[in-house]
Amino acid sequence: MDQHLHPVLSSKTYATVILPLALQKEYTYFIPEFLLSEATFGKRVEVVFGKNRRYTALIIGVHENAPQGYHPKSILGVIDPIPIVTPDQIRFWRWISSYYCCTLGEVMNAALPANLKLASETTVVLSPMFDGFYDQLIDNEYLVAEALSIQNTLSIGEIQAILDQKTVYPIIRSMLDKKLIYLVEDLVEKYKPKKVWFARLAEPFASQRELLNDAFELVARSKRQTEALMALIQLAKKQNPVRASDIYQKAGVDGSVLKAMAKKGIVDWFEAEVSRIAGYEDEVIEAQELSAEQEQALSEIHTQFEDKEVVLLHGVTGSGKTRVYVELIKAALKQGEQVLYLVPEIALTTQLIRRLQKIFGDQIAVYHSRLNNNERVELWQAVGKDKPIVLGPRSAIFLPYQKLKLIIVDEEHDQSFKQQEPAPRYQGRDCAVFMAHMVGAKIVLGTATPSVETFSNAKGGKYGYVQMNQRFGGLEMPAWQVIDAKLALKKQELKNHFTQDLLNEIEATLDRNEQVTLFQNRRGFAPSYQCADCGWHAECIHCDVTLTYHKFHDKLKCHYCGYSTAMPKACPACGSKQLTIKGFGTEKIEDELKIFFPDKHIGRMDWDTVRRKEAHSKIIQAFEEKKMDILVGTQMVTKGLDFDNVGLVGILSADQLLQFPDFRSSERAFQLMTQVGGRAGRKFKQGKVMIQAFHTAHPVIQEVISNDYNAFVQREKEERKAYRYPPYARLIRVTLKHKKAPVVNEAAKLYHQMIRQPLGERLKGPAVPMVGRVRSYFLLDFLIKLERDTAVLNRTKQLLIDASTDLRQKKGLSGVRVVIDVDPY
């Protein structure tokens, strides 16, 4: 009877994987029997997707369920010996994918360092640090290294041909880990190992201290060498070898002095490579004592944490919120826990990093966009091995934490926490709140000017709320003065872009040997170049915006796409030579200040001056060391800087901040003016803030100068409630893009028809945004205002995703890009 039954097939094992592509669903691959023990959750595997294109995929599930609708391909090889992600990370990725309407592949692309996402088109080169000793390499490494020494670059496909094997990713991973090879994009970034000059006592002086008198006799005829030797001996008690820069600073000498001492055999002076992520190598110090208010705030936070996951720490500028964070971090470290410290922009937090490193030393790792791919992998692995503290921008939420129990979001109101392009368009602060809930961590949101949503959550009881109303040390808040620019113009007292009152105060401040900070939230020299006769103005050829004149480069530049061109000598429209520049940016302010104060040192801090690595820290250091008298800047000067000699802060055009066409313009203006004003005074005396404005009676200006956040937020909430904006509604913006205006117009009509009936009055648009063409793409926006109901939100997101898929299947519309941005602010 048995011979009439169907034969029983042996069960097969499959792996569900994420590919680093914007695919709408996960893919399943067959696991060959010889890989069954290796192919487990969290490991990368080599797979073929499409027509023979190889990718690094990530296993997120192993099971025996064959996929429906297609025959699965086999996994070619397993790359990692151990998992590189945790189950919590995948849960977190899934939430981001679902909430922000993007694919898991897009989240994976944002989360993983490039070295962990190899694809068939990846190109590698031989490391510039490879010493040429081939005998230290295993056979396959030898073949790849030898080929690279001849061909310079190799693609993954070429390496497969050289090794005559399909599975090459494990060998590439091994060579990347050993720094034998680099991705080509790393060398485009001009990666160089970081090297530092060091000095130490040479023998016999190092081991026989009784001979130091002989060393001093050898330098007796040189005062500078004597001082350098004394500095070296003192510094070596805490750190040996000693960084040459520390000797230069302590003794007031330079490299020529150490070079001369090395020739005499007194010191060893040498250059050594240091790790870029090793962190801090100087002396670790104890944090200063807490003030009574800081003690109270710390106690209240601990109390709130008993029944709240999230606490808003609302402290005025200069109240010492960072000092409170330090105590919270110390408490977490005592429990063996990890801490994530999120900041808006890592490049703008030089002072904060130095302050924390002095306290926590090598326990803190700094994660940022300027790490090259190899450094990112090193840091990824260090966090996976329980690095205690990570300080970084929004992308630091993707690191593989094992014991995360405390998250600090500093300056939680800052718009830099929102990712704009590409997907996932996530809000780092909101993601941190969800992640804390998911892993059972506590989170502190700190700021002097809370976002309206965060403040509403705190006052509504969803978050805990702790307030700090006093500056540390009992220092006074700055004195505010509003200058009527309209009246100054009428009296002909407006000199270029400065009122006489502001110029007089700048001069008086400089006469007291104090420093001045001037804020203008527009970079460049002038935002418009116009013809006085016909009204023509210079526009970008790719975007619907005027070009900004940059005097240093003598170019007209687009701040949206980077296009630049020379200034025309005559009007292209009418031929007139009556061309003028209109408006003013930070570069023009800097230029004009040199006319008013020719003997003063004037610096500028904006995107143009801080692009190069370390440029920002050099500007801050120069201002700290009083090598600059006046610092002109964009909103970069509002980012938590602490200078003890700033007597005056000037806000040159408050009207520009308030007239921006956005429902958050009042909130952003209040935050920026309050934050930049907080840079005045600080440590030793009351500072002064002067605001130039044409509309001095604007309620936001009055609320800023009276430091009345509660009045501001109450008025703001009333307006938002009336017009259905957050926190009383949820927003989703849908943007359609195409390089042909008729195509995007047709797509918008169809899309509107697809979503109009289910959404009803919630739907606004389509409408041309403020900038209707960017990078040659024409744009049309829809805005959806939803009630705060999770079920409605989820239904709407699915509706938009389905409509986007249907739209691209229509004839002639497959090239239309649909961008869904949840919480677009």
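Trainee: Which residue lies over the face of tyrosine 825, and how far is that residue from the ring centre?

Mentor: Arginine 664 lies over the face of tyrosine 825, at 4.1 Å from the ring centre. Keep in mind throughout that this is a predicted model, and that a distance of this kind is read from the coordinates of that model.

Trainee: Where does the charged end of lysine 785 sit?

Mentor: The charged end of lysine 785 sits over the ring of tyrosine 725, at 3.9 Å from the centre of that ring.

Trainee: How many cavities of 30 Å³ or more does the structure hold?

Mentor: Rolling a probe the size of a water molecule over the atoms shows where empty space is left. In this model there are two cavities of 30 Å³ or more, and the largest cavity holds about 100 Å³ of space. It has 14 lining residues, and those closest to the centre of the cavity are His413, Arg429, Arg664, Arg668 and Tyr825.

Trainee: Which helix gives the largest share of the lining of the largest cavity, and how do the lining residues divide by class?

Mentor: Helix α22, which covers residues 665-677, gives the largest share of that lining, with three residues. By class, the lining of the largest cavity divides into eight charged residues, five polar residues and one nonpolar residue.

Trainee: Which residues line the second largest cavity?

Mentor: The second largest cavity, with about 40 Å³ of space, is lined by Arg200, Leu201, Arg209, Leu232, Ala236 and Asn240. Strand β9 (195-201) and helix α8 (223-236) each supply at least two residues of this lining, and the classes here are three nonpolar, two charged and one polar.

Trainee: Are the rings of tryptophan 95 and tyrosine 99 stacked or edge-to-face?

Mentor: Two values are needed to read a ring pair, namely the distance between the centres, which must lie within 6.5 Å, and the angle between the planes, which must be under 30 degrees for the pair to count as stacked. By this rule the structure has 22 aromatic pairs. For tryptophan 95 and tyrosine 99 the ring centres are 5.2 Å apart and the planes stand at 15 degrees, so this pair is stacked. Both residues lie in helix α1 (residues 87-99), four residues apart, which is about one turn of the helix. Ring pairs also join them to others, in a cluster made of Phe92, Trp95, Tyr99, Tyr100, Phe398, Tyr426 and Phe434.

Trainee: Is tyrosine 99 buried or exposed?

Mentor: The cut-off for buried is under 20% relative accessible area, and tyrosine 99 counts as buried because its relative accessibility is 13%. Tryptophan 95 has a relative accessible area of 22%, so it is partly exposed.

Trainee: Where is serine 319, and which backbone oxygen lies 2.8 Å from a polar atom of its side chain?

Mentor: Serine 319 is in the loop between β12 (310-315) and α12 (321-334), and the backbone oxygen is that of valine 316. With a relative accessibility of 1%, serine 319 counts as buried.

Trainee: Which residues does a cis peptide bond join, at an omega of about 10 degrees in one case and about 5 degrees in another?

Mentor: The bond with omega of about 10 degrees joins glutamate 203 and proline 204, and proline 204 lies in the loop between β9 and α7 (212-218). The bond with omega of about 5 degrees joins alanine 423 and proline 424, and proline 424 lies in the loop between β16 (404-410) and α15 (428-439).

Trainee: What is phi of asparagine 513, and what is phi of aspartate 823?

Mentor: Phi of asparagine 513 is near 60 degrees, a positive value in a residue other than glycine, and phi of aspartate 823 is near 55 degrees, which is also positive in a residue other than glycine. Asparagine 513 sits in the loop between α18 (500-511) and β22 (515-519), and at 63% relative accessibility it counts as exposed. Aspartate 823 is in the segment after β36 (817-822), and at 2% relative accessibility this aspartate counts as buried.

Notes
Residues numbered from 1 in each chain as written. Predicted model: local features only at pLDDT ≥ 70, side-chain atom pairs only at ≥ 80, totals over all residues. Heavy atoms only, no water. Phe/Tyr/Trp six-rings, centres within 6.5 Å; stacked < 30°, edge-to-face > 60°. Buried < 20%, exposed > 50% of the residue type's maximum accessible area, 1.4 Å probe, protein only. Lys NZ or Arg CZ within 6 Å of the ring centre and 35° of its normal. 1 Å grid on protein atoms, 1.4 Å probe; cavity = no way out; pocket = protein on both sides within 12 Å on 5 of 7 lines; lining within 4 Å. Points joined across faces, edges and corners; volume = space filled by probe spheres on them. Nonpolar A, V, L, I, M, F, W, Y, C, P; charged D, E, K, R; others polar. Polar contact = N/O pair within 3.5 Å; in protein donor to acceptor, adjacent residues only side chain to side chain.
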